[in-house]
Amino acid sequence: MPKLTSYYLPGLYVEDHSIEVPLDWRGHEPAAVAADGLPAGERIRVFYRTVCAAENVGRDLPLLVFLQGGPGGAGPRLLSPTSDGWIAEAIKHFRVVLPDQRGTGRSTHASARSIARRGDARAQAEYLKRLLAPSIVRDFEYLRLTEFGGRAWTTLGQSYGGFLTLCYLSLFPQGIAASFTCGGIPHVPASAADVYAHTFPRMVTKTHAYYERYPEDERRMAAIANRLAAGDVTLPDGSPLSVRRLQTLGGGLGMKPAPERLHNLLDTAFEAGDGSLACAGAAPELTDGFLIGVLENLTTAGNPLYWTLQEFIYADGTMKEPIRWAAEQEYARHPEFADTARPLMLTGEAAFPFMFEDDPLLVPLKPAVDLLMEDTEFDPVYDEARLVANEVPLQAAVYFDDLYVDSGLQLDTLSRVGNSHAWVTNQFEHDGLHGSEVFGRLFAEALNRGDLEHALGA
C-alpha cells in the first residue's frame, strides 16, 4: 500500500493514497481485476486517505470505510477528531478510510469542462452513468482487495452512503464485516417518483415550521419574491435569480442549523432595512451581501454532480418508464408551490430543469441530462433476493422527521433486509451523524448484540 504522503492533524495521523481503476467496470469484476491486473481501456484515479488516532500509529486496527453522502460528495476534510462528530468515536476502534468517490475531490474530477471533453451529449450521458453506485462500489471493493489485503471492513454510510451500502451488500457482502447507515436507506424497489411524492408534503411542513419560528421571514421571503418577479435581478456570477431559484434555498431545512443560517441571510436582504417590510407586496431593492450569500448557497462549483446525478441515483437496471424530471412533475401537482403563491413554499433536495438553464456551471450539462431523463437502461444497483438473505449485521439510524429520505420508506426496505436493525428517532435531523452522539449510539447497540465480533476481530 504505497503512500503518497503522511502527516499529522491535531490528534490524528493521516496518510494520502490513490489507485487506478477502470472507468468502465462492465464486463469486469474487482476480484478478477485484482488477480489479473487492470483491463485495457480508460482508467481513472480514486483518491483515499486513512486516518487513525495519533496514539495508534503503527497498530494493526480493524478498518472502517466511510461512504459519503451525495451524490457527488467528496470525503470529509478533517481538522481534528471533533471536526466531524463521528470521527472521535470511530478512531477509538478503527483505522478509518475516507475515499473520494470517483468524479469528486482528488479522484479524477468530473466538471462541466471535463465532461464536455467526452464528446457529444450521448457520450457525456454514458460517462455520467459510470459515476453512479455500481461503479463506486466496485471501486471500493477493488480498493479493499488490493490495498488492504482483502480484509473485510466495516462500512459507515451517511445519506447517499446508505444507498451505496445496500448496493455493496447486494454485490459483495463477503467484503463487509458490519454496516452502519444514517438517514440513508433507499426504498427498494427504487422510484424517484415515490421519493418526491413523499418529499413535497414534508417541504410544506418544514416551510411552515420555519416561518412559525421566524415569523418575519415569511414577509421577507414574500417581499424578495415580489422583487424577483420583475425578472431583472442577477447574482454576482451573472446568472438570473428567479423565484424558482429562491425557493431552492429551502434545500438545507432538513439539517441543523440551516433554518438559522437562512434566517440570518434574510436578515440583511434589503437596501432599506426594515423599512422594506412595511408592505409584503412591495418590491424592495436587494443588498449585494444578500445576493452574494444566495450565490454561495446555490453555486454548484464545489459539487457539480449533486444536481446532475440527483434523480439518477434512483435508476436501477432496466426501468419500465424513464425518470423524466420526477421532481418537476411532482412540483406541478402542488399549486401551493407556485412561484406566485404566498406564503412562498421552499423546496429541498430536488433537481429541476430550470437549474440547467440558469446555473452557468450546469448549462453545458443539460443536453446529456435531458438524454438520461429519457433513458431506461442503467446498471443494476440492488439485488433484492440477496438483501432478503443478508447475513451482514446492519444497524440503521432512521430519522423519523427526515426531510430527504422518508422514514416510512426506509423502514419498509429494512423489513426486507436480513439481519438489519433500525433505531428510529426524532431527536436528530438528516445530518445527525455529524454530531457527537449518533455513531456512538449505533456502535454501542451493535456491540451489545454481538454484531461486531467479526468487525473488531474479537
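Helix H15 has its buried residues covered by elements that include H4, helix H12 (305-308) and helix H14 (355-358), where contact is taken as heavy atoms within 4.5 Å. The structure is a predicted model, in which local features need pLDDT of at least 70 and side-chain atom pairs count only at pLDDT 80 or more, whereas totals for chains, interfaces and linings use all residues. Residues are numbered from 1 along each chain as its sequence is written, and side-chain values use heavy atoms, with hydrogens and water left out.

The buried residues of H15, which spans residues 366-373, are Ala368, Val369, Leu372 and Met373. Seen down the helix axis, these buried residues fall within an arc of 140°, so they line one face of H15; the arc is that of the directions from the helix axis to the C-beta atoms. An α-helix has 3.6 residues a turn, so residues three or four places apart point the same way. Helices (H or I, at least four residues) and strands (E, at least two) are DSSP runs, numbered from the N terminus, and buried means under 20% relative accessible area, exposed over 50% and partly exposed in between, with a 1.4 Å probe and protein chains only.

Arg102 is placed in the loop between strand E5 (95-99) and helix H3 (112-116), and it is buried, with a relative accessible area of 2%. The side chain of Arg102 makes a polar contact of 2.7 Å with the side chain of Asp139, and a polar atom of the Arg102 side chain also lies 2.8 Å from the backbone oxygen of Arg130. A polar contact is a pair of N or O atoms within 3.5 Å; within protein, one must be able to donate a hydrogen and the other to accept it, and residues adjacent in sequence count only if both atoms are side-chain atoms. Leaving aside residues up to four places away in sequence, Arg102 touches residues including Val21, Trp25, Ile44, Leu131 and Ile136.

Salt bridges, defined as a side-chain nitrogen of Lys or Arg within 4 Å of a carboxyl oxygen of Asp or Glu, number 33 by this rule. In one of them, Arg49 pairs with Asp16, the closest N and O atoms being 2.9 Å apart. Arg49 lies in strand E3 (residues 43-53) and Asp16 in strand E2 (residues 12-22), so the pair ties together parts that are 33 residues apart in sequence. Arg49 is buried at 11% relative accessibility, and Asp16 is likewise buried, at 2%.

A salt bridge of 2.7 Å, N to O, joins the side chains of Arg77 and Asp100. Arg77 lies in the loop between strand E4 (63-67) and helix H2 (85-90), and Asp100 in the loop between E5 and H3, so the pair ties together parts that are 23 residues apart in sequence. Arg77 is partly exposed, with a relative accessible area of 42%, whereas Asp100 is buried at 0%.

Within helix H4 (residues 121-129), Glu126 and Arg122 are four residues apart and thus separated by about one helical turn; their salt bridge has its closest N and O atoms 3.6 Å apart. Glu126 is partly exposed at 25% relative accessibility, as is Arg122 at 35%. A network of salt bridges links Asp24, Arg26, Arg130 and Asp379.
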